[in-house]
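Visitor: I would like a short walk through this structure. Please keep to what can be read from it.

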Amino acid sequence: MTAHGSARRHVLAAFVIALVACGHGNAQTQAAPKFDGKRAFADLEAMVAIGPRPAGSPAIEKTREYIRKQLADAGLTAEDQPFDARTPTGTIHMVNIRATLPGPAGQSGKGRLVIGGHYDTKLFKDLTFVGASDGASSAAFLLEIARALKGRQNALPIELLFLDGEEAVVDWNHPSGTDHTYGSRYYVEQLKKAGTTKDVRAFILVDMIADRNLNIRREQNSTPWLTDVIWSAARSLDRPEFEDAQWPIEDDHLEFLAAGIESVDLIDLDYPAWHTAADDLSHVSAKSLQAVGDVVIAALPRIETRLK
């Protein structure tokens, strides 16, 4: 082989390697986001280890510190939305936490998709309630969604919303009619005051999604098309945890629906440990978090197409 032929051979080989590397890079860029249920479960465990985390307690501030750190580690900036809530027992300082995954560069005016859940636990004086599914699961889900979607090219910004004060301080059915959903109520009130309600194109609520025997039914108050898209994604993934049976649930999404924001509630309230000391690590599972994470991520493209 001549020196000239050898040089041509080396140039050709380098060109082929470059093409392969370029294609590999594109594949990595376009790879579907991966939700890690085990990593989400580690977040759940960390919050349960803090103990009961009712609104206004030192423990919920520790939970906020944990959430902020995990968001920062994922490359996102946490934004506090503090407020003082009037409750049947007096004023309690509460804080919603927000973090935004960006949409397309240079595009604005399309609004945002909000995915949210609460991170407080119900206050009980006669039992130790650590809220493994009811409180920790939704916050853990949001943290893992932050990690899973941070490199995704979103069609519009996605705001992750950690809501404080979902739980009643005294009783959900208190005569005041407002002893619950403090965080979502305040969030929506601020949208109305700023005249930016239409900027929230849709709201996906997750709540109590770690039950070992997970079964999420269609919530009757939720926006039908949004529910249909998510349940269609569940069927495509062969996820039997999403059932076609329907039931009505009062939850944070009602505040958004009342403001005209299309919303869906993903919740498993068929949970014997609900609001008991048994809502602990022995009754929750990483597999359940994985199921919800996979379905929500699979549903995102169709949701975004509808909202464009």
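Visitor: Which side chain does the side chain of glutamate 159 join in a polar contact?
Guide: This is a predicted model, in which local features need pLDDT of at least 70 and side-chain atom pairs count only at pLDDT 80 or more, while totals for chains, interfaces and linings use all residues. Residues are numbered from 1 along each chain as its sequence is written, and side-chain values use heavy atoms, with hydrogens and water left out. A polar contact is a pair of N or O atoms within 3.5 Å; within protein, one must be able to donate a hydrogen and the other to accept it, and residues adjacent in sequence count only if both atoms are side-chain atoms. At 3.1 Å, the partner of glutamate 159 is arginine 98.

Visitor: Is glutamate 159 buried or exposed?
Guide: Glutamate 159 sits in strand 4; helices (H or I, at least four residues) and strands (E, at least two) are DSSP runs, numbered from the N terminus. Buried means under 20% relative accessible area, exposed over 50%, and partly exposed in between, with a 1.4 Å probe and protein chains only. The relative accessible area of glutamate 159 is 2%, so this residue is buried.

Visitor: What distance separates the C-alpha atoms of glutamate 159 and leucine 101?
Guide: Contact means heavy atoms within 4.5 Å, and on that basis glutamate 159 touches residues including Thr100, Leu113 and Tyr187. Leucine 101 is 58 residues away along the chain, and the C-alpha separation is 6.2 Å.

Visitor: Where is histidine 180, and which side chain does its own side chain meet in a polar contact?
Guide: Histidine 180 belongs to the loop between strand 4 (158-163) and helix 5 (182-194). Its relative accessibility is 13%, so histidine 180 counts as buried. Not counting residues up to four places away in sequence, histidine 180 touches Gly165, Glu166, Glu167, Ala168, Trp172 and Arg185. The polar contact, at 2.9 Å, is with the side chain of threonine 181.

Visitor: Which residues are closest to the centre of the second largest pocket?
Guide: On a 1 Å grid over the protein atoms alone, a pocket is an open set of points where a 1.4 Å probe fits, with protein on both sides within 12 Å along at least five of seven lines; lining residues have an atom within 4 Å of a point. The second largest pocket holds about 220 Å³ of space. Of its 15 lining residues, the closest to the centre are Glu166, Trp172, Glu250, Trp274 and His275.

Visitor: Is proline 104 buried, partly exposed or exposed?
Guide: Proline 104 lies in the loop between strand 2 (90-101) and strand 3 (112-118). Leucine 156 is 52 residues from proline 104 in sequence, yet their C-alpha atoms are 6.4 Å apart. With 25% relative accessibility, proline 104 counts as partly exposed.

Visitor: What is phi of methionine 208?
Guide: Methionine 208 is in the loop between strand 5 (200-207) and strand 6 (216-219). Its relative accessibility is 2%, so methionine 208 counts as buried. Although methionine 208 is not a glycine, its phi is positive, at about 55°.

Visitor: Is aspartate 238 buried or exposed?
Guide: Aspartate 238 is in the loop between helix 6 and strand 7. Phi of this residue, which is not a glycine, is positive and near 55°. At 64% relative accessibility, aspartate 238 counts as exposed.

Terms used: Points joined across faces, edges and corners; volume = space filled by probe spheres on them.
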